[in-house]
Amino acid sequence: MTCLEAQSNIMAFIEKKLPDDVIPDFVKHMRYCKNCREELEIYYTLIVGMHQVDNNQELSQNFAKDLENELNRLEHRVKQAKRFKFSTFGLVFGVAVVFLFFVYNQCLDKVYNIEQRMKLEAQGDTYFYDTFGSEMSVCLNDIVQEVQIAQKPKESTFYEKLREYQLTHPESEETESDE
Ligand SMILES: [Zn+2]
């Protein structure tokens, strides 16, 4: 901030209408520039003093101290606002990160599920076994039992078979015995 800019803001400062974005530079300039500080003190004493007289207020004993207090007050207020802005930003940023992480995890889960489903579908039988497993095993048991029941009598009755053969071919036995 140049001296011209600083001095053009003196009236706004005294009337407490200094914009927040100008305050830090203005306060800094008034701390380090002797000329502008003198100018500010003169205007401050004149205008604030006149205001106090106009309103029948008790005249300040130390305008320089009042001015310093006012500069400190403004500086502190801007810093507070900045800190609040930063913490708000931090909070929003933090929430955004957590949210994105959550969404990312959800996406990973979805991709994993889709991959698993694709694998299961590729395996065909296994996929259906998951859904119809119990019915399928019952079916298989029944078929095995049916087959066993159907096969058992044929194997056990060897002599019955032999008799059956003899009954259907009675001549062959007779001719064999003759010779
Ligand atoms: Zn200056």
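A salt bridge here is a side-chain nitrogen of Lys or Arg within 4 Å of a carboxyl oxygen of Asp or Glu. I note at the start that the model is predicted.

**Entry 1: the chain as a whole**

I began with the elements. I found eight helices and zero strands in the chain. Read from the N terminus, the order is α-α-α-α-α-α-α-α. I then looked up burial: of the 179 residues in the chain, 16% are buried. I also looked at contacts between residues at least 6 apart in sequence, and 56% of these join residues at least 24 apart.

**Entry 2: the loop at asparagine 9**

I went next to the start of the chain. Asparagine 9 sits in the loop between helix 1 (3-8) and helix 2 (10-14). Is asparagine 9 buried or exposed? I found a relative accessible area of 17% for asparagine 9, and buried means under 20%, so this residue is buried. I listed its contacts, leaving aside neighbours within four places in sequence: Met1, Leu18, Val22 and Phe26.

**Entry 3: histidine 29**

Histidine 29 is in helix 3. Its relative accessibility is 13%, so I wrote histidine 29 down as buried. Which residues does histidine 29 touch, not counting residues up to four places away in sequence? I found Met1, Thr2, Cys3, Ala6 and Cys36. Histidine 29 and threonine 2 are 27 residues apart along the chain, and their C-alpha atoms are separated by 8.2 Å.

**Entry 4: helix 3 against helix 4**

I stayed with helix 3 and looked at its meeting with helix 4 (residues 34-54). The two axes come within 6 Å and cross at roughly 105°. Angles of 65 to 115 degrees count as roughly perpendicular, and helix 3 and helix 4 are therefore roughly perpendicular to each other. On the helix 3 side of the contact I noted Phe26, His29, Met30, Arg31 and Tyr32. On the helix 4 side I noted Lys34, Cys36, Arg37 and Leu40. I sorted the residues of this contact by kind and got five nonpolar, one polar and three charged.

**Entry 5: salt bridges one by one**

Lysine 17 and glutamate 15 form a salt bridge through their side chains, at 4.0 Å from N to O. How exposed is lysine 17? Its relative accessible area is 60%, so lysine 17 is exposed. Glutamate 15 has 44% relative accessibility, and I marked glutamate 15 as partly exposed.

Glutamate 75 and arginine 31 form another salt bridge, at 3.0 Å from N to O. Glutamate 75 lies in helix 5 and arginine 31 in helix 3 (residues 23-32), so this pair ties together parts that are 44 residues apart in sequence. Both ends came out as partly exposed: glutamate 75 has a relative accessible area of 25%, and arginine 31 has one of 32%.

Arginine 73 and glutamate 70 meet in a salt bridge too, at 3.1 Å from N to O. This pair lies within helix 5, with the two residues three apart, about one turn of the helix. Arginine 73, at 41% relative accessibility, is partly exposed, whereas glutamate 70, with a relative accessible area of 9%, is buried. I then looked for bridges with shared partners, and these join Arg31, Arg37, Glu41, Glu68 and Glu75 into one network.

**Entry 6: back to glutamate 70**

Glutamate 70 is in helix 5 (residues 63-122). What does glutamate 70 touch, not counting residues up to four places away in sequence? I found Phe13, Lys16 and Tyr44.

**Entry 7: a record for residues 86-104**

Last, I checked the database. An unreviewed UniProt entry lists residues 86-104 as "transmembrane region". I compared that with the model, where the span is 100% helix and 0% strand.

Key:
Residues are numbered from 1 along each chain as its sequence is written. This is a predicted model: local features need pLDDT of at least 70, side-chain atom pairs count only at pLDDT 80 or more; totals for chains, interfaces and linings use all residues. Side-chain values use heavy atoms; hydrogens and water are left out. Helices (H or I, at least four residues) and strands (E, at least two) are DSSP runs, numbered from the N terminus. Contact means heavy atoms within 4.5 Å. Buried means under 20% relative accessible area, exposed over 50%, partly exposed in between (1.4 Å probe, protein chains only). Axes are lines fitted to C-alpha atoms, for helices over the stretch in contact, and angles run from 0 to 180 degrees between N-to-C directions. Angles under 35 degrees count as roughly parallel, over 145 as roughly antiparallel, 65 to 115 as roughly perpendicular and the rest as oblique. Ala, Val, Leu, Ile, Met, Phe, Trp, Tyr, Cys and Pro count as nonpolar, Asp, Glu, Lys and Arg as charged, and the others, Gly among them, as polar. UniProt positions are given in the numbering used here, feature names are shortened, and annotations may be inferred rather than shown by experiment.
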